[in-house]
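Here are a few exercises to work through with the model open. Try each one before you read its solution.

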Amino acid sequence: MSKIIPKIWPQELHTKAKHLILKAYLQSWLAIVGQRFQKIVYVDGFCGPGIYENNEPGSPILAINTIKEVLNKLGSARNLKSEKIELYFFDTDGDRIESLRGEISKTSIDGSRIKVVIEQGEFEERVLPIVKGLQAERALYGTISPSLFFVDPFGVKGFSLSLIGEIFRLNSSEIFLLFDVDGIDRILRAWDEANSHIMLAIYGDSSREELLKIKDLPDQNQRLKMLRDLFWVALRNQRVGGIIPFGMFDYSQKILYDLIFLTNVRTGFSKMKEAMWKVDDSGEFKFSDAEHGEQLRFKFTVNHEDNLWGILMAKFHGQKVSGLAIKNFVCDKTIYLDKHKTAALKKHESSDISKKDSIIVSNRIRNYGYPDQALIQFP
Ligand SMILES: C[S@@+](CC[C@H](N)C(=O)[O-])C[C@H]1O[C@@H](n2cnc3c(N)ncnc32)[C@H](O)[C@@H]1O
């Protein structure tokens, strides 16, 4: 039986980590799209009461405060193009919605620029008019305003693969989604015709056979891995190009959920990687309450340059490749950032490295860095 959660509950450490990632990404997203688009849309589909028992802000207040910070920065620099920032907050629980209204009334919002809609109701139902409205922009203006959807349910219910597909057909939309693989596994193990619709909503009807095969595997770790992989496949079929998962673990190192970022925008992909690196500097994109204790600390255990060098060599050894090709490969296909790429290449250009492990760089304008047109000969 699922436990009853009060209207306002204590914030746990993994929620703090989730909020740090959300805030870091919102800062980048707003700064980028705010300078390019007249209208931007942010939807927090499972918004909660706006506050935690220990007075920490809930995700809607975190978003509003971040928007105000970014607006102050951009506004004073006269850089802001967005005249309309639309924020939508939905929750099925009426008491939480009331609490959120109270919390939002304490924030001073520039109503001429920021439109806030707070509604009680199911995310799946409430979000559809927004998606349709955005779709209609294509016909009217030839372009669609960028949108970011934060999908943060308590468990596995409340979103569907078909809705993700619908949102992704907007092209410029991105989703930050809590994927409760452990909860999904529990529902799968208790599969019967009465609950199968929950699984099929998440995975799509065409995954039925595959799910039933996974259900009977005795090893839970194997099931969890296969459930994740199957979801990735289902997402790819909905034309989701970029998927970045971030695992959240509890004190006993048991998986709580994955936070998954979905995007088809290359800048969004690399900015979310940066946000996740801020929370887990190990590059494993994993956060555990046990390891981090009372404070969020970063781990510096892994040598990222060497890891990335291994990946680059597996891909490019013996080849002469442009700086642009390496940059795009690192951005799109690895968890690493541009700074890791520069460090890895720099290390293998230094005189401390033996010739057989060194790169040779040509076609550089300046005699440092790895610009797009530079040519890098791998050993
Ligand atoms: C994990 S909490 C959200 C926490 C909040 N996003 C934050 O970070 O501060 C999930 C919320 O979703 C609400 N909820 C549950 N099912 C829902 C649904 N189908 N649509 C919208 N909200 C739902 C619950 O009442 C709860 O407040």
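**Exercise 1.** Which residue has a polar side-chain atom 3.3 Å from a nitrogen atom of the ligand?

*Solution.* Some ground rules to start: this is a predicted model, where local features need pLDDT of at least 70, side-chain atom pairs count only at pLDDT 80 or more, and totals for chains, interfaces and linings use all residues. Residues are numbered from 1 along each chain as its sequence is written, and side-chain values use heavy atoms, with hydrogens and water left out.

Now look for polar contacts (pairs of N or O atoms within 3.5 Å). The residue you want is Glu122, with a polar side-chain atom 3.3 Å from a ligand nitrogen.

**Exercise 2.** Describe the shell around the ligand.

*Solution.* First, count residues with a heavy atom within 4 Å of the ligand. There are 20, and His19, Tyr52, Asp91, Arg96 and Asp152 come nearest. Then sort the shell: seven nonpolar, eight polar and five charged, with Gly counted as polar and Tyr as nonpolar.

**Exercise 3.** Find the domains and how they meet.

*Solution.* Start with the bounds, from an automatic or database domain assignment: domain 1 is 13-292 and domain 2 is 304-377. Their C-alpha centres are 34 Å apart. Finally, check contacts (heavy atoms within 4.5 Å): 10 residues of domain 1 touch 10 residues of domain 2.

Technical notes: A residue is near a molecule or strand if one of its heavy atoms lies within 4 Å of it. A polar contact is a pair of N or O atoms within 3.5 Å; within protein, one must be able to donate a hydrogen and the other to accept it, and residues adjacent in sequence count only if both atoms are side-chain atoms.
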